[in-house]
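Here is a short tour of a protein chain, written for someone who likes to know what sits next to what. Have the sequence and the 3D view open while you read.

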Amino acid sequence: NHNRCLRKLMAEQKDVEFGWCTTVEDAERVLVWMFANKSRWAEARGIRTSYLMDHKLRDFCIDMARRTDLSTTPLVSYIKVGGVPVAASFNLVGPKIVEGFVTTYDRAFRSYAVGILMLTHLAKWAHENGKDFDMRYVHADYKAHWANHSVICRRHNVFLASNSVTATATLVGLAAYQAYDFGQRGLRKAGRIAEAKVRSVGARLAAPAPQQGLEQQTG
């Protein structure tokens with residue numbers, strides 16, 4: 001599937017480049033794009049992840065690029081189309097391991113799975129240089145595509161009670177709590193999305209009118 005997406009990308013797009021930033025200037029440009037793109041993605045979904053709300057982590061990564069030998073270390077990897085990033089990753093590179101620490105991709109290119117293609121490129125580099133490749137501990141469906149073995153785990157709750165009435169009451173209470181928790185999570189998600197839409201509409205209403213429109217009104 002990765003190869004199919006790669007063939008499609010190379011056939012339908014021009015000037016496709018896989019690689020990593022070898023100069024501080026290029027690393028800074030890609031990192032600025034990466035964090036801005038990730039912030040837009042989060043804001044559109046009402047997600048207010050703390051490290052995306054300011055530029056502290058972005059500036060730390062840029063400063064780290066200034067202190068790293070970028071000619072030999074893929075600290076900031078990317079896929080570019082026409083010289084513009086469409087996927088990027090800030091990586092932690094050690095003697096034995098490469099970790100994709102922060103990654104993002106342009107959703108306009110999601111049909112090509114550019115995020116996965118970039119990780120494929122990085123994993124290949126890690127393998128060729130005798131390093132393990134770590135996609136971090138958080139579960140995501142795209143990570144499962146890399147596995148040749150999956151383990152399905154089930155969790156069971158066992159209640160020991162002196163009589164059936166107590167057991168029934170315990171089970172009813174557990175079901176009620178799960179239903180309540182599920183509803184609360186749904187409401188919080190809907191609230192975040194609604195808040196993001198309100199902010200987006202407010203930003204558009206507060207934006208100044210185009211200069212051409214002002215001239216027509218003045219005339």
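A polar contact is a pair of N or O atoms within 3.5 Å; within protein, one atom must be able to donate a hydrogen and the other to accept it, and residues adjacent in sequence count only if both atoms are side-chain atoms. With that in hand, you can find the polar contact of 2.5 Å that joins the side chains of S89 and N91.

The model is predicted, with local features needing pLDDT of at least 70 and side-chain atom pairs counting only at pLDDT 80 or more, while totals for chains, interfaces and linings use all residues. Residues are numbered from 1 along each chain as its sequence is written, and side-chain values use heavy atoms, with hydrogens and water left out.

**Overall fold**

- The protein chain has seven helices and five strands; helices (H or I, at least four residues) and strands (E, at least two) are DSSP runs, numbered from the N terminus.
- Along the sequence, their order is α-β-α-α-β-β-β-α-β-α-α-α.
- Of the 219 residues, 28% count as buried, where buried means under 20% relative accessible area, exposed over 50%, and partly exposed in between (1.4 Å probe, protein chains only).
- The accessible surface is about 15100 Å², and carbon and sulfur atoms account for 56% of that surface; the areas come from the Shrake-Rupley method with a 1.4 Å probe, and for residues only the protein chains shown count as cover.
- Contact means heavy atoms within 4.5 Å; among contacts between residues at least 6 apart in sequence, 64% join residues at least 24 apart.

**Strand 3: S89 and N91**

- S89 belongs to strand 3, and N91 has its place there too, in residues 84–93.
- S89 counts as buried because its relative accessible area is 0%, and N91 is buried because its relative accessibility is 0%.
- Leaving aside neighbours within four places in sequence, S89 is in contact with residues including M34, V102, T103 and M118.
- With residues up to four places away likewise not counted, N91 touches P74, V98, E99 and F101, among others.

**Helix 2: W33**

- W33 lies in helix 2 and is buried because its relative accessibility is 16%.
- Beyond its neighbours within four places in sequence, W33 is in contact with P85, V86, A87, A88, T104, Y105 and D106.
- The C-alpha atoms of W33 and V84 are separated by 9.4 Å, although the two are 51 residues apart along the chain.

**Pockets**

- A pocket is an open set of points on a 1 Å grid over the protein atoms alone, where a 1.4 Å probe fits and protein lies on both sides within 12 Å along at least five of seven lines; lining residues have an atom within 4 Å of a point.
- The largest pocket holds about 810 Å³ of space; 28 residues line this pocket, and K38, T103, T104, Y105 and Y142 are the closest to its centre.
- Strand 4 (97–105) gives the largest share of that lining, six residues, while helix 2 (24–44), helix 4 (114–128) and helix 5 (141–144) each supply at least two.
- By class, the lining of the largest pocket has 16 nonpolar, six polar and six charged residues; Ala, Val, Leu, Ile, Met, Phe, Trp, Tyr, Cys and Pro count as nonpolar, Asp, Glu, Lys and Arg as charged, and the others, Gly among them, as polar.
- The second largest pocket has about 150 Å³ of space, and its lining is K38, W41, A42, R45, I47, T49, Y51 and L52.
- For both volumes, grid points are joined across faces, edges and corners, and a volume is the space filled by probe spheres set on the points.
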